[in-house]
Amino acid sequence: MNTNAADNGEFGQRSTPSSPIVPKTASEALRPEAGTPPPKRSRASRSQFVVFMNFVISLVMLLILAAGFALYFGKQEFNEPGPSANADTFLVKPNTGVQEIAEQLERRGLISDARIFRLGVRAFGNDSALKAGEYEIKPQASMRDLMELLKSGKSVMYSLTVPEGLTVEQALQRIAEQAALDGDMPATIPPEGSLATDTLRFTRGATRQQMVDKLLADQKKLVEEVWQRRAPDLPLASVDDFVTLASIVEKETGKGDERSRVAAVFLNRLAKGMRLQSDPTIIYGLFGGKGKPADRPIYQSDIKKPTPYNTYLINGLPPTPIANPGRAALEAVANPSKTDDLYFVADGTGGHVFAATLAEHNENVARYRALQKKLADDAAKAGTAKAEAAKVEGQTDAPVDGGDDGDAGAAQ
């Protein structure tokens, strides 16, 4: 009787005999044994809905990744320096949308991709914030720089200057020649003296009619303002006479410290019933609003040519102004110097000398003519010396300087 537990399993029972051990060859012993097979797929995992949802989720993830990459690279390009190597200008017309602006920028070579610019502007909420105007584009400006510039509305500004003393016709010529303005000139020419002498600032696209309207309105306001502050008892019947005399003062002198004294001379002569005898009125009577040619002097014979503007021949003021007077000339006439002067003549240095009596004035005229003669003689001598030098060098056709001044003087 066997009492070994190892052999019997449980006490008193015999164990089932184990399978016989089959010997393996060396190659069989080294061969890997088959692993545990995977569990069978559930029926739910094999359904079409689950497969479709897995596809959708994967697709959404891919789209999110693609959008992230596109957003990153788009933002990089939106902020990077632009392709333009040179400064340029760009015009945005009124009522132009972001898409059209973007396409124009791309065609001009100012941005690399119109779609990125358009999407970037909309991403920043500036779809309707871009303003019309002409803009100065810096070299290599980024799309973001361009967006901020067009959003700011800081357009390129142009200037139109109408100097004191121009006639209306001359002022209109300047307006017509300003290439940055649009539109036609007014069909009718405004009255002489009715345009302000000023510098107007404007953006490209402003019209010529707007410029004329602005100058007309500014001059009307200025004249009314100065006229209301005039000295009492001026020998002027109306505001029209006021502007006419101011235009004569404007043409007589360009020196600020002389205007009120020149105005006083003319006002004193009007008060005494004396003729004004102003050279600029002769010129306007001969040449009108076009003005005297630069190389055309006033001759003694011009004084005797009858025109409605020749104040050597007519009494009082001419029928209209002879130019557009500026503020200083208007102020001078409204509040002239307190003086008894009735005459003035050029002093040969750009100014004038004044006199209260004809005798004193004649002396001033004589000095002025002596100075003019001396200057002419000096010029002739210089011309002769120049001609002699030219002959020595073989240049026999060299010009000789010289000329006839022919100025009739003023208020004689």
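Is Asp 378 buried, partly exposed or exposed? Asp 378 is partly exposed, with a relative accessible area of 35% (buried means under 20%, exposed over 50% and partly exposed in between, with a 1.4 Å probe and protein chains only). The model is predicted: local features need pLDDT of at least 70 and side-chain atom pairs pLDDT 80 or more, whereas totals for chains, interfaces and linings use all residues. Residues are numbered from 1 along each chain as its sequence is written, and side-chain values use heavy atoms, with hydrogens and water left out.

**Stop 1: helix H13**

Select Asp 378 together with Lys 374; they form a salt bridge with the closest N and O atoms 3.1 Å apart (a side-chain nitrogen of Lys or Arg within 4 Å of a carboxyl oxygen of Asp or Glu). Because the two are four residues apart in helix H13 (residues 358-392), about one helical turn separates them (helices, H or I of at least four residues, are DSSP runs numbered from the N terminus). Lys 374 is partly exposed, at 48%.

**Stop 2: other salt bridges**

The whole structure holds 16 salt bridges. Next, select Glu 169 and Lys 290, whose closest N and O atoms are 2.9 Å apart in a salt bridge. Glu 169 lies in helix H7 (residues 168-177) and Lys 290 in the loop between H11 (279-287) and H12, so the pair ties together parts 121 residues apart in sequence. Lys 290 is exposed, at 63%, whereas Glu 169 is partly exposed, at 30%. Then show Arg 296 and Asp 302, which also meet in a salt bridge (2.8 Å, N to O); both are buried.

**Stop 3: helices H9 and H12**

Display H12 (residues 327-334), whose buried residues are Ala 329, Leu 330, Ala 332, Val 333 and Ala 334. Their cover includes H8 (208-228), H9 (239-252) and H10 (259-272), through contacts (heavy atoms within 4.5 Å). The axes of H9 and H12 come within 8 Å and cross at roughly 115° (lines fitted to C-alpha atoms over the stretch in contact, with angles from 0 to 180 degrees between N-to-C directions). On the H9 side, the contact is made by Phe 242, Leu 245, Ala 246, Val 249 and Glu 250.

Select Val 249 in H9; this residue is buried, at 0%. Beyond neighbours within four places in sequence, Val 249 is in contact with Arg 259, Val 262, Ala 263, Phe 266 and Val 333.

**Stop 4: Leu 245**

Finally, select Leu 245. Leaving aside neighbours within four places in sequence, Leu 245 is in contact with Leu 236, Phe 266, Leu 267, Leu 270, Leu 317 and Val 333.
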